[in-house]
Amino acid sequence: MNWVWFHKLASPPSAYVFALRLRPWLFWISVIMMLWAAYEGLFVVPPDYQQKDAFRIAYVHIPAASLSLMVYSMMAIAAAIGVIWRMKLAHAVAAACALPGAILTALALITGSIWGRPMWGAWWAWDARLTSELILFFLYLGYMTLRASFDDIGRADRASAILAIVGVVNVPIVRYSVVWWNSLHQGQTLSVFGESKMDSSMITPLLVMMLAFLMFFGAALCDGLRAEILRRERNASWLTDLKAK
Amino acid sequence: MTPRRRRMMFVVLILLAVAGATMLLLTALKQNLQYSVVPSDVYTGKAPLDRVFRLGGMVEQGSVKREPGSMLVQFDVTDYSHEVTVQYSGVLPDLFREGQGVVVRGKLQPSVDGHQLLIAEEVLAKHDEKYMPPDVAAGLKKAHDARRSAAEAPTSSASPSTSVTHH
């Protein structure tokens, strides 16, 4: 197999230009999809049989929560690639994942809390799902704090990569917490291999919203990655060349 | 062993060690990680008698009694094998109703002739992971009721087809 294109893309200058070009596409397509899905979810989709209009917050809560797990897995994989193959760009990707991931986790926790108050009768419960998602939030914060505590980028990369890899153990715990233990939180609605437990008249805006969130994260990752590359390569000649163009 | 292979082994070993340690920890804490116990646990002595705990189950159909002129409400929480009577004074969540899942936090009272009574400090409502419009839910309920009444009133015409499955 020919890996030339991969090595080319993995070099900071081409990754920088690639992220710069990709970003507006991801951003604008995701904004359009988000607006459509928000309109459908808020005004068009019928209310739920027992939660009435309150269930509509699921159109933000489910995408944020599922993406918070996906982003952490991606961060851990990128960090592992960075450690094993000594690939600086992979470390940069991992570093750029942390802030959007933390924001998504916070969004999932906040929307869940707003949803829980009227439906369950409590803002917060120390059940397994909520607690493990809170731990996920602290893992993101810890990762960012650890990175910030090193002056040397190479050492920050290696130390924070270990934290990211260790923390990935929490991802299946969040995912299966509602299966393994009695919890206040309900079980999984969406299912990749089985049948989803949301009526077909409600599910399309949710899936579109999840895709929109994913693309929005992609746009944020492009920005974060470019910032990381600039920080690492600030004295490189290709940047002066790029600026001159 | 090349340095790259060594680093790969290092990452894999870290992951295995942490996953193993976490698994042991979670297994050891299995009981403590449960958010609530079920009514059957109360009768088998798995629920604490002297302190506050959480009990989860369904509100028994037809069991909700309200005291007129006060906030006091009494209902039975069941897991379809045992039930515990719950007394609560306060505001109930919107989703609270008969047949709904609830988690109540409170303390057991000394039982009178084997019947368990719990004075609740907090009542939370549970909801499931299914979302559907009211008309779909009504249709499902109608089909379910029709199937149930058909099963409860066995007719001679239905029996030959069911006996086939035994062969």
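Predicted model: local features only at pLDDT ≥ 70, side-chain atom pairs only at ≥ 80, totals over all residues.

Student: In which helix is the place of H7(A)?

Tutor: H7(A) belongs to helix α1 of chain A, which covers residues 4–9.

Student: How far apart in space are H7(A) and L207(A)?

Tutor: Their C-alpha atoms are 34 Å apart, and 200 residues separate the two in sequence.

Student: How many helices and strands does the secondary structure of chain A contain?

Tutor: Chain A has nine helices and zero strands. Its radius of gyration is 20 Å, close to the 18 Å that the globule rule gives for 245 residues, so chain A is as compact as a globular protein of that length. Along the principal axes, its C-alpha atoms fill a box of roughly 60 × 35 × 35 Å. Of its 245 residues, 42% count as buried.

Student: Why are α5(A) and α6(A) called roughly antiparallel?

Tutor: Angles over 145 degrees count as roughly antiparallel, and the crossing angle here is roughly 170°; α5(A) and α6(A) are therefore roughly antiparallel to each other. The crossing in which α5(A) passes α6(A) is right-handed.

Student: Which residues of α5(A) and α6(A) meet?

Tutor: From α5(A) come L139(A), G142(A), Y143(A), L146(A) and R147(A), and they meet A156(A), A159(A), S160(A), L163(A), A164(A) and G167(A) of α6(A). By class, the residues of this contact are seven nonpolar, three polar and one charged.

Student: How many residues does each chain bring to the contact between chain A and chain B?

Tutor: Chain A brings 35 residues and chain B brings 32. On the side of chain A that touches chain B, α3 (58–85), α4 (88–119), α6 and α8 (200–232) each supply at least two residues. The most comes from α3(A), with four residues. That side of chain A has 21 nonpolar, ten polar and four charged residues.

Technical notes: Residues numbered from 1 in each chain as written. Chains lettered and ligands numbered in written order. Axes fitted to C-alpha atoms, helices over the stretch in contact; angles between N-to-C directions. Parallel < 35°, antiparallel > 145°, perpendicular 65-115°, else oblique. Left-handed = near helix turned anticlockwise from the far one by under 90°. Contact = placed C-beta atoms within 7 Å. Nonpolar A, V, L, I, M, F, W, Y, C, P; charged D, E, K, R; others polar. Rg over C-alpha atoms; globule rule 2.2 N^0.38 Å. Buried ≥ 20, exposed ≤ 12 C-beta atoms within 10 Å, placed from the backbone.
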